[in-house]
Amino acid sequence: SDTLVNLSNLESLPVLTLSQAIEAYLTSQSRLLSPASIKMYRQSTGFLLKTFDGDQLIEDLDKYQLIKWRDSLFTARRFQGHPYIKNQDGRLSVHTIRRIIADCKAFFAWLVTVGLLESSPLAGVQKPKAPENAPKAISVEDFEKLLAVAGQYRGNKYNFAVAYQTRNTAIVLTLASTACRVGGLCSMRVPLLELTDTGAQIDVQEKGRGGGTTRTVYMSDTAALAILEWLDQRPACAHDYIFTGIEGKSAGIAMSPQAVRQMLNRLANRAGIEGKFNPHAFRHAAAREWLRNGADLQTVSQLLGHSDIRVTAKFYARWTQTELRDRHEMVDYTKSK
């Protein structure tokens, strides 16, 4: 393709087109970031290509043009230009717009670093202020509903009922107890499961620089027992991944993150849950419950696998106004005895 650039020849290329520059940038990051992160950067820089001609020279882009581009994101339709998903009603969320701008700023900063631009035209272009949203956690009540339905689910064929019930219960409990990312859940392997006196621990592979990072997560004895019960039902397979499909073509095939999300969708529909229930909602719920039960922010940050405690504070230590009022009442030393 004429948009591909040999990175070793960058010094001999005084000017790149926007398409060439984006491909060079994504190639340069392929060994530093996970495939999921690369896909996200491609989607974000794709919004530049939707506005500007891919053959436009990068040095011709100026701050005024990019301010107009930033403003156009507020009227862009969801999945606009996506190769597989049709445009949907509704606009991009502010959080999505902030991420797109941040990703594109990283792209232009790289162009400056490698000497292809003298300065970034996006430098100084501000992101919209992040809205103060309610916490994104699954509620304890909805978790209990989901767990109850998981233990009753029979699938399409009753002879697989026990397998579905034990697997789905194990997944719900493991997400809730470990607060691992869905990719980490899907990476769990039988030999890495270590039982302890009070529960278990297991190494998981999650997103991060270098294509992924390995960390240890901990779980309750309830979650550990649920996994052991599932392993008694797991179909025969040639690998050692813990969570697999159960019947048909997926029998014994390691579950993907999408398969886990679909399973949670089915359970949530049966339980009549209207609040948050995606895999990441379990991370938010765990962080909130750990903090609510007295864990300090540094401990919670390490349990979540965050490299920066500020991420934990910004996105997970979030409380509604009612919760803040109740927590203030608990610690206020001026109240009447």
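Rings of Phe, Tyr and Trp (the six-membered ring of Trp) count as a pair if their centres lie within 6.5 Å; planes under 30 degrees apart are stacked, over 60 edge-to-face, and the rest tilted. By this rule there are five aromatic pairs. The model is a predicted one: local features need pLDDT of at least 70, side-chain atom pairs count only at pLDDT 80 or more, and totals for chains, interfaces and linings use all residues. Residues are numbered from 1 along each chain as its sequence is written, and side-chain values use heavy atoms, with hydrogens and water left out.

Start with the pair Tyr25 and Tyr41. Their ring centres are 6.0 Å apart and their planes stand at 80°, so the pair is edge-to-face. Tyr25 belongs to helix 1 (residues 18-29) and Tyr41 to helix 2 (residues 35-51), so the contact ties together parts 16 residues apart in sequence. Helices here are DSSP runs of H or I with at least four residues, strands are runs of E with at least two, and both are numbered from the N terminus. Both tyrosines are buried, that is, under 20% relative accessible area; exposed means over 50%, and partly exposed lies in between (1.4 Å probe, protein chains only).

Tyr25 has another partner, Trp110. This pair is tilted, with 5.5 Å centre to centre and 55° between the planes. Trp110 sits in helix 4 (residues 94-113), so its pairing with Tyr25 of helix 1 ties together parts 85 residues apart in sequence. Trp110 is buried, as is Tyr25. One aromatic cluster takes in Tyr25, Tyr41, Phe107, Phe108 and Trp110.

Charges also meet rings. The criterion is NZ of Lys or CZ of Arg within 6 Å of the ring centre and within 35 degrees of the ring normal. Lys50 lies over the face of Phe47, 4.3 Å from the ring centre. Arg189 lies over the face of Tyr241, at 4.0 Å.

Three of them form an open antiparallel sheet in the order 3-4-5. Strand 3 (194-195) and strand 5 (213-220) are the edges, each pairing on one side only. Two strands pair if DSSP finds at least two bridges between them. Strand 4 (residues 199-206) and strand 5 share eight bridges, in the antiparallel sense. Gly199 stands opposite Ser220 of strand 5.

Which cysteines are joined? A search of the whole structure finds zero disulfides, a disulfide being two cysteine sulfur atoms within 2.5 Å. For Cys180, the nearest cysteine sulfur is that of Cys186, 8.6 Å away. Cys180 is buried, at 1% relative accessibility. Cys237 is partly exposed, at 26%.
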